[in-house]
Amino acid sequence: MLMLGACTLPGPKVAPLPPGSASSPPSVEDLAAAIAADAQLSDTERDSRIREQIAAHAGADAQECLQLAPQAAACLYYQGVALGLEARAHPLRANELLKNMLDSLSAAEAADPAYDKAGPERVKAMVLVRAPGWPLGPGDPDAGLAAARRAVQLQPQHPPNQLALAEALSKTGDASGAREAYSRARDLAKALPPSADREDWLKQAKQALRH
């Protein structure tokens, strides 16, 4: 199962709407934040029917975002995330949906490689590393490793990029390199101010290093 919330966090920060604006049309930032929140909910939801509802909601927001700004990195990126949620909710269609997800992430990367601190390449790496390979899915650990390296090259100080690289190195058989990347992720997270994201990244790195 692809844990998309973990791949994409932290999502875009959205300022509270001013009084009287509750009925205003949502912006690209609003829609991106809503899909990021749906990804987090889906990661912890065990009820398949609720995951389907979450995926449908995210998909509708992604389509609305693309109507507002079809070439915006945020819309392309979160369309990819929404497709990933749909793939989880509808496993019989996962192969096709994950391929479409990778296409959306590639388009987002072309629009803005640095979006969400190299998010397009980071999430692409996780999909390629975790998804089953042909003929069941688009998984390709070597391609995932290349994507993770690009994410680290773009944003080496962002712990999730180091975590993605570590997982890709482990999947491709480089245990020593994976351990080094997990150690870097741990050290980078330690240097950050306290937050839920920091604690999650530290937990992931420490658990991997124990094994």
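Buried means under 20% relative accessible area, exposed over 50%, and partly exposed in between (1.4 Å probe, protein chains only). This is a predicted model: local features need pLDDT of at least 70, side-chain atom pairs count only at pLDDT 80 or more, and totals for chains, interfaces and linings use all residues. Residues are numbered from 1 along each chain as its sequence is written, and side-chain values use heavy atoms, leaving out hydrogens and water.

**Exercise 1.** Locate the disulfide and state whether Cys-65 is buried or exposed.

*Solution.* Look for a pair of cysteine sulfur atoms within 2.5 Å. The structure holds one such link. Cys-65 is joined to Cys-75, S to S 2.0 Å. The angle about the S-S bond is -70°, and the link is left-handed. Cys-65 lies in helix H3 (residues 48-68) and Cys-75 in helix H4 (residues 73-89), ten residues apart. Helices here are DSSP runs (H or I, at least four residues), numbered from the N terminus. Now apply the accessibility cut-offs. Cys-65 has a relative accessible area of 1%, so Cys-65 is buried. Cys-75, at 1% relative accessibility, also counts as buried.

**Exercise 2.** Describe how H6 packs against H7.

*Solution.* Start with the axes, lines fitted to C-alpha atoms over the stretch in contact; angles run from 0 to 180 degrees between N-to-C directions. H6 (residues 119-130) and H7 (residues 141-154) pack at about 160°, with axes 8 Å apart. H6 is therefore roughly antiparallel to H7 (angles over 145 degrees). Next, list the contact (heavy atoms within 4.5 Å). H6 contributes residues including Leu-128 and Val-129, and H7 residues including Ala-147 and Ala-151.

Technical notes: Helices (H or I, at least four residues) and strands (E, at least two) are DSSP runs, numbered from the N terminus. Angles under 35 degrees count as roughly parallel, over 145 as roughly antiparallel, 65 to 115 as roughly perpendicular and the rest as oblique.
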